[in-house]
Amino acid sequence: MPVALGLVLALALAGALLGPAPAQAHKVKVFAYLEDGALKGEGYFPGGGKALACPVKVLDARGKLLVEGATGQDGAFSLTLPSPLPPGAAPLSVVMEAGEGHRAQYQVTARDLGLDPSPDAQPARAAPAAPGPPDSARLGLDAAQIEQAVAKALAAQLAPIKAQMARLAEKDQVSVRDVVGGLGWILGLAGLLAWFKARRS
Amino acid sequence: MHISEGVLSPPVLASGAVLGAAGLAWGLKKIEMEQLPQVALMAAVFFLASLIHLPVGPSSVHLVLNGLVGLLLGWAAFPALVVGLALQALLFQYGGLTGLGVNVFNMALPAVICYYLFRPWVMRGGRWTSATAGFGAGFGAVLLSAVLTALSLALSGEVFISAAWGVLAANLPGMAIEGVITAAAVLFLKQVKPALLMPNRAG
């Protein structure tokens, strides 16, 4: 059936070309990263649109609700985590519901939170202030203040990078490989069914 | 329309699995050997259709095409959609595997209903009648699927009216577009390969 095959190939091509377009896709995704004691993140539809005003919940490793909120009009959310986190809370689960039966989940590991991966560790804390060398003492700054200022500047710079990395880790694009694989399975299953039916008769 | 993992309650998932399996078994029984390439083709069409997004105003719409699948396959829409949805869940993460039965039922039953409602018109009518019937099948299948999706969500705890309105409103542009595409496909097939639309024993 050359016409029919042509139709399927045309659809496959169209799908591969048109696929990544701004869309309300068949699934919704969410990612999160830590910044300044707050868990920030974004809900979105792969291929484009943001998840607006969707409820977000943060659960600990045992499923207990730690904090909840919602995404804003830009799809982003920012939730303050209880500090300090109870031991054994990590990995945290961020769960977002986007209506129409869409639900997304993202796991924030102990390492993402800056915690030691062993279950009973406490969050990393800044080293207590040691008296600075004489020069900095003359300027009225001590080591602790410098450290704080640097940490704050770094956090501000790293936040967008963390967001990008979290987003990249979620594979959003549908690859040609997936499409080819799926079509191969369909052909194979049809063949199997044909064999069964032929044996029957 | 593809309900994600972890949304539906266990009783709904279980009933959906039973209903989906029943439909699958019946559909498999109904497939004749000559029809098999058609079934595989429609499974492929459905599988690929969800990748296509058409811009509509500010946002866009994704295709489902269960109306077209139902028109051509009848009860065989169940096996075709089981395969299509399972592959979409595994490869694209659309929907989930625990909810496969529910999602299959929500999309395949409307396909079968549209087969019974519209195929006679498509087979016997002229160009305009077939096109209109095609539009009806495309539109109706998505509409019924939206209603069943809302019902599944309601049975799992959401308020039915708000869930129903939400799902319907989100899918309304999609229904119209699916209607147009199904009508166009029906006209195209009638012209080029009318054998696909001849009476078969899938009903």
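Predicted model: local features only at pLDDT ≥ 70, side-chain atom pairs only at ≥ 80, totals over all residues.
Local features need pLDDT of at least 70 and side-chain atom pairs count only at pLDDT 80 or more, while totals for chains, interfaces and linings use all residues. Residues are numbered from 1 along each chain as its sequence is written, chains are lettered from A in the order in which they are written, and side-chain values use heavy atoms, without hydrogens and water.

Start with helix H4 (residues 77-92) of chain B. Helices (H or I, at least four residues) and strands (E, at least two) are DSSP runs, numbered from the N terminus. H4(B) is mostly covered, with 13 of its 16 residues buried. Buried means under 20% relative accessible area, exposed over 50%, and partly exposed in between (1.4 Å probe, protein chains only).

Next, the cores. A nonpolar core is a set of buried Ala, Val, Leu, Ile, Met, Phe, Trp, Tyr and Cys residues joined through side-chain atoms within 4.5 Å. The largest has 66 residues, and those touching the most other members include A:Ile186, B:Phe46, B:Phe78 and B:Val104. Helix H4 (176-200) of chain A supplies at least two residues of this core, as does each of helices H2 to H7 of chain B. Not counting residues up to four places away in sequence, B:Val104 touches B:Phe78, B:Leu81, B:Val82, B:Leu85 and B:Leu109; contact means heavy atoms within 4.5 Å. A second, separate core of 30 residues includes A:Leu92 and A:Tyr106.

Now the sheet. In chain A, four strands form an open antiparallel sheet in the order S4-S3-S6-S7. Two strands pair if DSSP finds at least two bridges between them. Strands S4 (65-70) and S7 (103-108) stand at the edges, each with a single partner strand, so one side of each is left without a neighbour in the sheet. Strands S3 (residues 55-59) and S6 (residues 92-97) of chain A pair over four bridges. A:Leu59 has A:Ser93 of S6(A) as its bridge partner.

Last, the backbone. Most residues other than glycine have a negative phi, and most peptide bonds are trans. The A:Ala90 to A:Pro91 bond is cis, with omega near 0 degrees. A:Pro91 lies in the loop between S5 and S6 of chain A. B:Leu65 has a positive phi of about 65 degrees, and counts as buried at 3% relative accessibility. B:Gln93 is partly exposed, with a relative accessible area of 41%.
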